[in-house]
Amino acid sequence: MLKNFIQKGKLLNSISSSPSFQSSTFLNNNVFKSNNGAWIGSRFFSLEQLKKKTKNQKLINWVEEQAKLCKPDNIYICDGSEKEFQKFTDDMVKNGTLIKLNSKRPNSFLARSDPSDVARVESRTFICAKTKEDAGPTNNWMDPNQMKQTLKPLFDGSMKGRTMYVMPFSMGPLGSDISHVGVQVTDSPFVVCNMKIMTRMGDAVLNQMKENDDFVPCLHSVGAPLGKGQKDSHWPCNPNKYIVHYPEERSIQSFGSGYGGNALLGKKCFSLRIASSMAKDGGWLAEHMLILSLTNDKGEKKYIAAAFPSACGKTNLAMANSVLPGYKVRVCGDDIAWMTMRNGQLYAINPEFGFFGVAPGTSASSNPNALAAISKNTLFTNVALTPDNDVWWEGLSSPPPTAIDWLGNEWHPNGEGNNTLAAHPNSRFTAPLSQCPSIDPEWDNPTGVPISAIIFGGRRSSTVPLVYQALNWKHGVFMGASTASELTAAAEGTVGKLRHDPFAMLPFCGYNMGDYFGHWLSMEQKAGSNADKLPKIFYVNWFRKNKSGKFLWPGFGENVRVLKWIFDRCNSTLDTSDGKATKTAIGFVPENNSIDLNGLEINKSSLKELFSLNKSEWLQDLKSMRQFCQQFGDRLPKEIKNQMDQLENRLNKD
């Protein structure tokens, strides 16, 4: 295989980026023709460039196999540089994929997706474990061999007329023993630019990969090959979509979508679905959790991980501004946590490098730190464009007099001439973590940060109090398993409908969820004599409403008052001796006056309702939980059934 292009007898030492090269057409297995003559095909040249960057033959062979299958016109090995990012965004502005925003928001862009490609596609997401039982009843399953036979003709030639971009990336800080490496190939430069923000991507990853290192292979195509002279869409995609995971092989294939977690395969696909399977086998945890630190007025700091379903306030809590004097909240991550155990203590890293946040509702009052983080170097998707070339969405501020909505149509407030929302409910921003003014100084520490508390929560308008604490680790695992929340626009389904979402992992667990419950329970045994170092477990509900349908708790920065109570309980034993908690049938709830309400205007009746326990509602929830768990059969750990029985007994005694 030649290492250089041969053109008219001259040796060219570098790949051309000229339009003539980009529009070159395939003649045979090895030769391209351009306006300037003929040369050895760029696919093979790029593989030679890849060989210069890595000695990992598994990686080289895999990339070559994907090129032969997808048949791109060109291959580009991403280096992850700012220059590369600028080149791609410039190109996408020229072809209409991106709109460059005004100078008030430097190096930032807006993309509008195809209306059919706006969110995760859970109905087309598959866990192709070797057996259906191993995938579990909460996942879509197909035999892995059958799935590969289904996908092969779809991927065959799917990148014709396009460039295959090769992205080596690290989930987690480079060099961390908690981090893992993936390699994604894609035909979407928009995906490349998002992955550059969301992961540690490029040459730095290749430089640390050793000859025999494993990696998670991630194949992605928008599934829209281009014929000769065919005009491209501003958002190429395919109505036939597949997001497929092979947990035993540790590999991912995604076809047809260019949006969010369907296409940014380092995110939910790798960091949760594949990583959760890796974690089960390796004795660690891969979780849909934020990581924050809380420092009290004495300078003591604790790290907290919290799991909420999408669009239920994770980002707002992670970046909260404290309303309590002397207390500081700092963010390590707003979505995913990987945790490993050292001598009974869980240490966590955020495997991501950026924020992929929901735009609607993000404002100066709800999340000023998020607004600061997205003030530059940000990619926006499916928000509105204002007349001065800035972005807007519902909940950001007063609406502009006119705008271009996420569909590209003229929009006016109050439905004047248009009854649609200006921004899609699942519109997003992609921004570097480092730009957040409340970033924790240890956010990128390869060792991770020690977790003192784990919080579960969801969107519940009734039943669940503002906060309560588990009686012990087993009870805490049951609390996580019993998480339920109202559906949001981030997932398919009827908005507002309640569904069980254990550990906020229902769409993201890469194996049988009954086994997943067992894995969490096993952490106590793994900790052994150091089990007292395991995090305390809590459950919160910011969304409880009164009979008039109004929220009882103000939320946002006021949630730090609840975090303070959790902080203090982490310094106490699992009892009521500190005077801050009362033991109830559901767990420990705050004692009267134990939550710091100084400066908060909230009436006594609202406070009482926030912590009221309705026995019949809890028994109804427990009945629903039993029904939900029936699907796991003998894969449901006996301890979960024991916890349900114990809760019922405690409720009936009260």
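Predicted model: local features only at pLDDT ≥ 70, side-chain atom pairs only at ≥ 80, totals over all residues.
The buried residues of helix α18 are E639, I640, Q643, M644, L647, R650 and L651. Because these residues cover an arc of only 145° around the axis, they fall on the same side of α18. Helix α18 itself runs over residues 638-653 and has 16 residues. From its first C-alpha to its last it reaches 23 Å, close to the 22 Å expected at 1.5 Å a residue.

**Confidence**

The chain has a mean pLDDT of 91, and 91% of its residues reach 70 or more. Over residues 1-40, however, the pLDDT is below 50. Beyond near neighbours in sequence, that stretch has 76 contacts in the model.

Residue I274 is placed in helix α10, which spans residues 266-282. With a relative accessibility of 0%, I274 counts as buried. Leaving aside residues up to four places away in sequence, I274 touches V216, H245, Y246, P247, R250, S251, I252 and C269. A531 stands 257 residues from I274 along the chain, and the C-alpha atoms of the two are separated by 27 Å.

**Salt bridges**

The count of salt bridges comes to 34.

| Salt bridge | Closest N and O atoms |
|---|---|
| K71 and D156 | 2.5 Å |
| E122 and R499 | 3.4 Å |
| D281 and K280 | 3.4 Å |

Which parts of the chain does the salt bridge between K71 and D156 tie together? K71 lies in the loop between α3 (57-70) and β6 (74-77), and D156 lies in the loop between α6 (144-155) and β10 (163-171), so the pair ties together parts that are 85 residues apart in sequence. K71 is partly exposed, with a relative accessible area of 27%, and D156 is also partly exposed, at 43% relative accessibility.

The salt bridge of E122 with R499 ties together parts that are 377 residues apart in sequence, because E122 lies in the loop between β8 (109-111) and β9 (125-127) and R499 lies in strand β32. E122 has a relative accessibility of 19% and therefore counts as buried, the limit being under 20%.

In the salt bridge of D281 with K280, D281 counts as exposed at 52% relative accessibility, whereas K280 counts as partly exposed at 32%. Elsewhere, salt bridges that share partners join K267, K268, K314, D335 and E352 into one network.

**Cysteines**

How many disulfides does a search of the whole structure find? The search finds zero. C436 is in no disulfide, and the nearest cysteine sulfur to its own, that of C332, is 11 Å away. At 3% relative accessibility, C436 counts as buried. C509 is likewise in no disulfide; in this case the nearest cysteine sulfur belongs to C629 and is 13 Å away. C509 is buried, with a relative accessible area of 1%.

N377 is not a glycine, yet its phi is positive, at about 50°. The residue sits in the loop between α12 (368-373) and β23 (379-381). Is N377 buried or partly exposed? Its relative accessibility is 25%, so N377 counts as partly exposed.

A504, another residue other than glycine, has a positive phi near 55°. Its place is in the loop between β32 (498-500) and α14 (513-527). A504 is buried, with a relative accessible area of 1%.

Technical notes:
Residues numbered from 1 in each chain as written. Heavy atoms only, no water. Helix = DSSP H or I, 4+ residues; strand = E, 2+ residues; numbered from the N terminus. Buried < 20%, exposed > 50% of the residue type's maximum accessible area, 1.4 Å probe, protein only. Expected span 1.5 Å × (residues − 1). Arc of directions from axis to C-beta. Salt bridge = Lys/Arg side-chain N within 4 Å of Asp/Glu carboxyl O. Disulfide = S-S within 2.5 Å. pLDDT = per-residue confidence, 0-100. Contact = heavy atoms within 4.5 Å.
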